[in-house]
Amino acid sequence: MKRRDVLLAAVTLLAVWQAAAMIVDLPILPPPLEVLGVFFRELRRDLLVHFAVSLWRVSAGMTLSVLAAAPAGLAIGGSKKLNRFFSPFIYLLYPIPKVVLVPVVILFLGIGDMAKIVILFLILFFQILVLVRDQASGLPPQLIQSLRSLGAGRRALFRFVYLPASLPAILTALRQSIGTAVAVLYVTELSATRYGLGYYIYFKGSTLLDYPAMYAGVVAMSILGLGMYFAVDWAERTLCKWKFVG
Amino acid sequence: MIAVRSLAFGYSLQPPLFHSFDWAVKRGETWAVLGPSGCGKTTLLYLLAGLRLPVSGSIEIDGERLTRPRPHSGLILQDYGLLPWSTVRENVELGLRLRKFYGADGKHAPRSFQPKKSVEYWLERLGIADIADAYPSQISGGQRQRTAIARTLVLEPDLLLMDEPFSSLDAVTREDLQALTLSLCAEQGLTLVVVTHAIEEAAVLGRKILLLDAPPNRTAKVFENPTAGSAGQRESKTYQELCSRLRREMQHETA
């Protein structure tokens with residue numbers, strides 16, 4: 001994918017938005033330029049704070065889930081015994097839509113940031129766990145045997161084989177779940193908080209009926225998702241160079 | 001150098017592959033282990049590498065009973081042995097990095113190890129210096145095996161164990177690497193054990209050939225092949241005769 005093509009697509013989408021706004025011609029669909037103006041105005045007021053709060057929640061959830069799921073996935077994928085024991089549990093828990101647990105988690109953890117971070121954690125945890133586990137258990141046995149014959153024990157296998165092999169899986173899992181994570185973030189921020197982009201969008205749209213500001217919130221949320229997407233792409237290009245050669 | 005004594009081995013729920021099997025390899029010999037698939041030849045190599053342990057009996061290398069991979073043995077497998085995320089150079093350095101990782105603990109790495117020759121020397125010697133910064137996915141099968149050989153020789157082994165090392169390569173590359181392997185063994189004074197299913201490869205690489213039967217293997221069937229690897233061997237009459245003899249033996253076994 002070329003950068004120029006991405007830019008071209010972005011311009012096209014903005015044109016479609018502009019056209020739709022002109023056709024609909026209602027306050028509930030302001031044109032992009034107006035929204036952009038409001039976006040920068042709101043940024044100087046409180047939008048930046050809401051953005052920062054949302055960014056903090058989603059990054060905390062992501063970081064925690066990688067820190068917990070990657071080692072767990074490596075351990076389960078690297079050991080037949082652990083895999084046999086845990087796989088039925090993962091099989092049952094993985095398909096449960098974690099977003100339905102929002103009310104439950106809020107009941108247990110209260111209305112602070114913790115509840116929101118835990119929900120994001122739950123969603124990302126299983127995605128990463130499953131991908132890393134499959135990556136680790138799918139490594140060719142010849143690779144493991146070669147390393148063992150060079151003197152590698154369990155610790156060295158983790159350091160030199162399982163860890164680098166699981167990096168792409170972690171990044172793939174993150175990329176796949178960014179969309180869900182941001183969507184769920186929005187849902188969790190609808191209630192029990194006065195900060196975050198979800199709250200901001202809902203409050204501007206439904207309470208204040210300030211539609212351009214609401215769209216500014218939508219733009220901010222899109223930038224959040226897109227930014228994380230780019231970050232993962234960049235990490236993959238830097239950390240997994242071998243994936244992009246040949 | 002290698003003493004296999006009344007070895008018994010089998011995988012659970014499967015008939016045994018070896019039963020009171022005896023075999024001996026002297027230092028500096030080059031052996032080919034030949035047999036049809038399922039005869040246990042790869043298993044024998046894994047046993048020699050210390051990656052599997054005998055059910056009963058013993059394997060001694062240099063008088064020491066084998067209970068784990070031995071730092072002075074090098075193992076080269078058919079494929080997938082290289083780290084796909086590391087360059088050729090990093091792969092060749094891998095053994096050294098592993099030794100550094102554990103330190104000279106006498107278990108994963110020898111107590112004292114000072115490599116006499118550098119990684120650069122081996123990259124040059126194996127003809128892979130030009131592609132040292134390429135990843136395994138970018139190079140040919142022959143270059144990958146050269147990398148695997150370099151990685152092993154950096155650690156200065158005295159015993160080289162190979163499992164079908166050249167069977168996925170084209171004929172010319174294969175013959176090149178067979179010749180290279182033999183000259184490296186002579187140059188470094190290595191003992192060589194190569195497992196193969198190809199009669200011609202066994203006849204080229206093994207001054208001695210161990211033929212394995214349909215399991216369980218009880219006695220070591222050994223063929224002498226003193227002209228292995230010599231110039232013009234492939235055109236000689238003794239080579240042709242040996243090949244047809246081995247072929248008859250193998251057909252007889254599987255019949």
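# A tour of chains A and B

Start by selecting B:Ala32 and B:Val194: in strand β8 of chain B, B:Val194 is the bridge partner of B:Ala32. Keep in mind as you look around that this is a predicted model.

**Stop 1: the six-stranded sheet of chain B**

Six strands, or 6 in figures, form an open sheet in chain B, and the order to follow across it is β6-β7-β8-β3-β9-β10, with mixed pairing. Select residues 73-76 for β6 and 221-224 for β10 of chain B: these two stand at the edges with a single partner strand each, so one side of each has no neighbour in the sheet. If you look along the sheet, the twist from one strand to the next averages 20 degrees.

**Stop 2: helices on that sheet**

Select residues 41-48 of chain B, which make up helix α1. This helix lies across β3, β7 (159-163) and β8 of chain B, and runs at about 150 degrees to β8(B). Next, pick residues 141-153 of chain B. Here helix α4 packs on the sheet and touches β6 and β7 of chain B, its direction making about 170 degrees with that of β6(B).

**Stop 3: a proline pair**

Move to B:Pro215 and B:Pro216. What kind of peptide bond joins B:Pro215 and B:Pro216? The bond is cis, with omega at about 0 degrees. To place it, note that B:Pro216 sits in the loop between β9 (208-211) and β10 of chain B. For background, most peptide bonds are trans.

**Stop 4: the four-stranded sheet of chain B**

Chain B has another open sheet to show, made of 4 strands in the order β2-β1-β4-β5 with antiparallel pairing. Its edge strands are β2 (18-25) and β5 of chain B, each pairing on one side only.

Select residues 2-9 and 56-61 of chain B to see β1 and β4, which pair in the antiparallel sense over 5 bridges. Within this pair, B:Ala8 stands opposite B:Ser56 in β4(B).

Which residue in β5(B) is the bridge partner of B:Glu60? Click on B:Arg65 to find that partner. The strands β4(B) and β5(B) form a hairpin with 2 residues between them, and B:Asp62 in the turn has a positive phi of about 55 degrees.

One more residue is worth a click here: B:Leu13, in the loop between β1 and β2 of chain B. Its phi is near 70 degrees, a positive value in a residue other than glycine.

**Stop 5: two domains in chain B**

The domain assignment gives domain 1 as 1-72 + 159-255 and domain 2 as 83-156. The C-alpha centres of these two domains of chain B lie 24 Å apart. Where they touch, 10 residues come from domain 1 of chain B and 7 residues from domain 2 of chain B. Select residues 171-188 of chain B, helix α5: with 4 residues, this helix gives the largest share of the side of domain 1 that touches domain 2. That side of domain 1 of chain B has 7 nonpolar residues, 3 polar and no charged.

**Stop 6: where the chains meet**

Show both chains together. The contact takes 22 residues from chain B and 19 residues from chain A. On the chain B side, select helix α2 (residues 88-102), which supplies the largest share, 6 residues. The residues of chain B that touch chain A divide into 15 nonpolar, 5 polar and 2 charged.

**Stop 7: the helices of chain A**

Select residues 32-78 of chain A, helix α2. A straight helix of 47 residues would span 69 Å, yet α2 of chain A spans only 51 Å between its end C-alpha atoms. Where is the kink in α2(A) centred? Zoom in on A:Leu43, where the helix has a kink of about 80 degrees.

For the last selection, take residues 154-188 of chain A, helix α7. This helix spans only 41 Å between its end C-alpha atoms, whereas a straight helix of 35 residues would span 51 Å. The kink in α7(A) is about 45 degrees and is centred on A:Ser177.

How values were computed. Residues numbered from 1 in each chain as written. Chains lettered and ligands numbered in written order. Predicted model: local features only at pLDDT ≥ 70, side-chain atom pairs only at ≥ 80, totals over all residues. Pairing = 2+ DSSP bridges. Axes fitted to C-alpha atoms, helices over the stretch in contact; angles between N-to-C directions. Contact = placed C-beta atoms within 7 Å. Expected span 1.5 Å × (residues − 1). Bend = angle between axes of the 7 residues up to and from the residue. Domains from an automatic or database assignment. Nonpolar A, V, L, I, M, F, W, Y, C, P; charged D, E, K, R; others polar.
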